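These are my notebook entries on one structure, set down in the order in which I looked things up. The sequence and model come first.

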Amino acid sequence: RSDTMTGRERVLAAVSRSGLDRVPVSDAFWEDTLVRWRREGLPDGADPADHFGFDIAATSIDASPRFPAQLLRKSDSHYTMRDRFGYVVTKALGKSRTVQFHSHPVPSRDAWPAVRERFALTPRGAARIDTIPFPFRLETDPTREESLTRFHDLRRTNRYILANAYGPFEATWRLHGYERTLTDLLDDDELIGEIGRTYTEFLMQVVDRCLQDSIVPDGFFLVEDLASTRGMLFSPDIWRRLHKPILSQLGAFLQERDVQFWMHCCGNAEAIFDDLIECGVQVIQPLEAKSGLDVRLLRKRYGADLTFYGNIDVIAMAVSDGSAETEVKAKLSAFDRSGGYIFHSDHSVPPEVSFQRYSHVIDCVRKYGTYA
């Protein structure tokens, strides 16, 4: 390759529309996809980000109430643990599958005050940002010195550093329970709003502490699933009333600190794209194709304000080399060296996609997404 920009420069240029040498590239993979790929040619121990030359590096922010993480049971195929968010969950070993939640720390309004008190920073506590993800994590937390060292090591890769954390709805249902949260959006919206605000205000404190410690990511990635393939999980008006105000505060907070605002939202949440733009969101991901989203149309509607990250249909990717190439070429054709697009699958790459097929996909991205 004849790259003329670093990964960091390339992603910054894609978001700011300041001119590109090629489309930035990053992606996510099921755990069992990587197990398959190591049988098919991906070297043992190799990081796919290094192997495929990705432009983005991820870090994880822990804005949880920090319940002690605990392994409760383990078998050959599954393990059950209590996460630092306080829920108890069973997860498959070595596979990306739907997890089973057993309990949550705020089953009722009466349980909330005690949990609310846990959202507090200690003066010299363990670090709340790390290169190892915090969800489902049993490892000990890094010291602030260890966290700073790991961040600086990541900075030397010249990749764009993206720090991720849950959004207000995502954090609320992990504390309160998924079905219960959806029900209480109607039955006790005051509680749902308070949990979301408390969490997001604490999240901003955590990010601010990171910045004070000279850990300065290029972008912040809000993980906030608000939709299914058929549309929003609940009324856009309810979201606007309960969560848009605190998201606007987060957007202003990030803008003041020159940190770009990214958002992950599964399904089709186009009903609130204009609202997200008003909140300061600059990049939206993953834009699932099966939800009816297409970056060629989205660029016409929102391209002046949003950068699109994803939308490459993994179903087309799994069918054949030809269908994968057609998909990549069609989606990339909507963009040019001015930016506005970052390559990513339309969620994460499943094990139905072989190592050879995905290598072909990346070759196609270089072919159709490199600019003279």
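This is a predicted model: local features need pLDDT of at least 70, side-chain atom pairs count only at pLDDT 80 or more; totals for chains, interfaces and linings use all residues.

Entry 1: Since 5 of the 5 residues of S4 (residues 88-92) are buried, I recorded the strand as largely enclosed by the rest of the structure.

I then looked up the partners of S4. S3 and S4 pair in the antiparallel sense over 5 bridges, and His78 stands opposite Ala92 in S4. The two strands form a hairpin with 5 residues between them, and in the turn Gly86 has a positive phi of about 95°. With strand S5 (residues 100-103), S4 again pairs in the antiparallel sense, over 3 bridges. There, Val89 stands opposite Phe101 in S5.

Entry 2: Thr80. Is Thr80 buried or exposed? Thr80, which lies in strand S3 (residues 78-82), has a relative accessible area of 4%. The cut-off for buried is under 20%, so I counted Thr80 as buried. The side chains of Thr80 and Thr90 are joined by a polar contact of 2.7 Å. Setting aside neighbours within four places in sequence, I listed the contacts of Thr80 as Gln70, Leu71, Leu72, Arg73, Val88, Val89, Thr90 and His102.

Entry 3: the open sheet. I next traced an open sheet of 8 strands and noted the order S6-S1-S7-S8-S11-S12-S13-S14, with mixed pairing. Strand S6 (129-130) and strand S14 (341-342) stand at the edges, each with a single partner strand, so one side of each is left without a neighbour in the sheet.

Within this sheet I examined S8. Strand S7 (residues 160-166) is joined to S8 by 5 bridges, and the two run parallel. Across this pairing, Leu162 stands opposite Gly219 and Asn164 stands opposite Phe221. S8 is also joined by 5 bridges to strand S11 (residues 260-265), again in parallel. The bridge partner of Phe220 in S11 is Phe261.

Why did I describe S8 as largely enclosed by the rest of the structure? I did so because 5 of the 5 residues of S8 (residues 219-223) are buried. Gly219, Phe221 and Val223 point one way from the strand, and Phe220 and Leu222 point the other way.

Entry 4: Helix H8 (residues 189-212) has 24 residues and reaches 35 Å from its first C-alpha to its last, close to the 34 Å expected at 1.5 Å a residue. I recorded H8 as mostly covered, with 17 of its 24 residues buried. Just after H8, Ser214 takes a positive phi of about 65°.

Entry 5: Pro168 has its place in helix H6 and, at 1% relative accessibility, counts as buried. Not counting residues up to four places away in sequence, I listed its contacts as Gly196, Tyr199, Thr200, Leu222, Glu224, His243, Ile246 and Leu247. The C-alpha atoms of Pro168 and Asp208, 40 residues apart along the chain, are separated by 17 Å.

Gly231, found in strand S10 (residues 231-232), is buried as well, with a relative accessible area of 13%. From C-alpha to C-alpha, I noted 7.8 Å between Gly231 and Ala271, which are 40 residues apart in sequence.

Terms used
Residues are numbered from 1 along each chain as its sequence is written. Side-chain values use heavy atoms; hydrogens and water are left out. Buried means under 20% relative accessible area, exposed over 50%, partly exposed in between (1.4 Å probe, protein chains only). Helices (H or I, at least four residues) and strands (E, at least two) are DSSP runs, numbered from the N terminus. Two strands pair if DSSP finds at least two bridges between them. The expected span of a helix is 1.5 Å times one less than its number of residues. A polar contact is a pair of N or O atoms within 3.5 Å; within protein, one must be able to donate a hydrogen and the other to accept it, and residues adjacent in sequence count only if both atoms are side-chain atoms. Contact means heavy atoms within 4.5 Å.
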